Amino acid sequence: MGDTATMESGYVFDPSWEREHGRLLALEEIYDDQSRHRLTELGVAEGWHCLEAGCGAASIARWLAKQVGAAGRVLATDLDTRFAHDRGLSNLEIRTHDLLMDDLPDAAFDLVHARAVVEHLPDRDEALRRLAAATRPGGWVVVEDFDIDGPMYPAAARYYPPEHLELAERLGRALRAAFGAAGVDPGTGRRLPQALTDAGLTEIGAQVHAPVLTGGSAAFFPLTLRSLRPRLLATGEVSDADIEEVITLTKSQGTTYIPNFMVIAWGRKPL
């Protein structure tokens with residue numbers, strides 16, 4: 001879940017940044033509702049065994065543990081588990097784990113979920129194959145990743161105040177370039193339905209989630225921009241003053257903006 005998928009060059013965020021925990025909590029605040037809704041729609045229930053890959057601050061892992069009850073189990077994994085806490089849930093195990101290097105139990109989970117994880121990995125197809133292999137026949141794989149490629153960043157820019165459109169478009173280009181330079185595929189979200197099909201899953205579905213936020217209502221995007229500042233400046237698309245202007249905008253009452261488009265995609269492992 002979170003972004004703490006790998007410490008290698010493909011991971012665009014600095015896990016040691018002093019405000020990284022707050023950034024992950026802010027990500028949960030924006031995107032948890034979508035995740036919980038989709039997992040509920042897919043039928044997560046008492047007794048299920050679930051895997052939360054790249055659990056970040058573990059809010060979805062804890063929610064799943066409550067849904068599956070004492071008869072169920074949740075394994076929450078991440079390369080960096082400093083921010084993940086079970087809060088006394090005995091059916092939740094938090095484990096340090098590298099998705100591309102460390103083994104997972106075969107065909108063990110009724111549900112596998114990964115949010116803002118796969119896009120950061122150097123071999124995204126292998127990651128999805130591993131997630132599918134860990135899913136029992138009839139179980140579900142749910143993957144969420146951003147799409148900031150192609151026409152998506154100018155589309156997001158249109159939700160800023162008109163006088164900030166050009167700045168928002170430049171910021172979008174900077175984000176796309178910064179992610180690409182770090183080895184992250186900025187269009188991972190768009191490719192998820194086909195990627196899940198290629199991983200052998202069926203009953204594929206997907207939705208695009210684009211929360212329209214008002215100034216001062218959420219800390220995720222300003223914290224993300226502060227974390228990415230050196231990478232954004234290195235693209236040459238924005239200046240430090242530009243970044244500060246957008247951060248101020250996201251905190252200003254009465255303004256609206258979209259941080260990014262998130263794609264949530266799901267598929268079922270054939271019986």
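Phe 146 has a relative accessibility of 7% in this predicted model, and it therefore counts as buried, the cut-off being under 20%. Tyr 31 is buried as well, with a relative accessible area of 0%.

Five aromatic pairs are counted in the chain. In one of them, the rings of Phe 13 and Phe 179 have centres 6.2 Å apart and planes at 85 degrees, so this pair is edge-to-face. Phe 13 sits in the segment before helix H1 (20-41), while Phe 179 belongs to helix H5 (residues 165-181); the pair thus links distant parts of the chain, 166 residues apart. Phe 13 and Phe 179 are both buried.

Tyr 31 and Phe 146 also form an edge-to-face aromatic pair, with 5.7 Å from centre to centre and 75 degrees between the planes. Because Tyr 31 lies in helix H1 and Phe 146 in strand E5 (residues 135-147), the pair ties together parts 115 residues apart in sequence. Ring pairs join Tyr 31 and Phe 146 with Phe 220 in a cluster.

The chain as a whole has eight helices and nine strands. Its radius of gyration is 18 Å, close to the 18 Å given by the globule rule for 271 residues, so the chain is as compact as a globular protein of that length. Along the principal axes, the C-alpha atoms fill a box of roughly 55 × 40 × 30 Å. Of the contacts with a separation of 6 or more, 77% are between residues 24 or more positions apart.

Buried residues make up 58% of the 271 in the chain. The chain carries 27 positive and 40 negative charges, and their mean positions are 2 Å apart.

Conventions:
Residues are numbered from 1 along each chain as its sequence is written. This is a predicted model: local features need pLDDT of at least 70, side-chain atom pairs count only at pLDDT 80 or more; totals for chains, interfaces and linings use all residues. Side-chain values use heavy atoms; hydrogens and water are left out. Helices (H or I, at least four residues) and strands (E, at least two) are DSSP runs, numbered from the N terminus. The radius of gyration is taken over C-alpha atoms; the globule rule is 2.2 Å times the number of residues to the power 0.38. Buried means under 20% relative accessible area, exposed over 50%, partly exposed in between (1.4 Å probe, protein chains only). Contact means heavy atoms within 4.5 Å. Lys and Arg count as positive and Asp and Glu as negative; His and the chain ends are not counted. The place of a charge is taken as NZ of Lys, CZ of Arg, CG of Asp or CD of Glu. Rings of Phe, Tyr and Trp (its six-membered ring) pair if their centres lie within 6.5 Å; planes under 30 degrees apart count as stacked, over 60 as edge-to-face and the rest as tilted.
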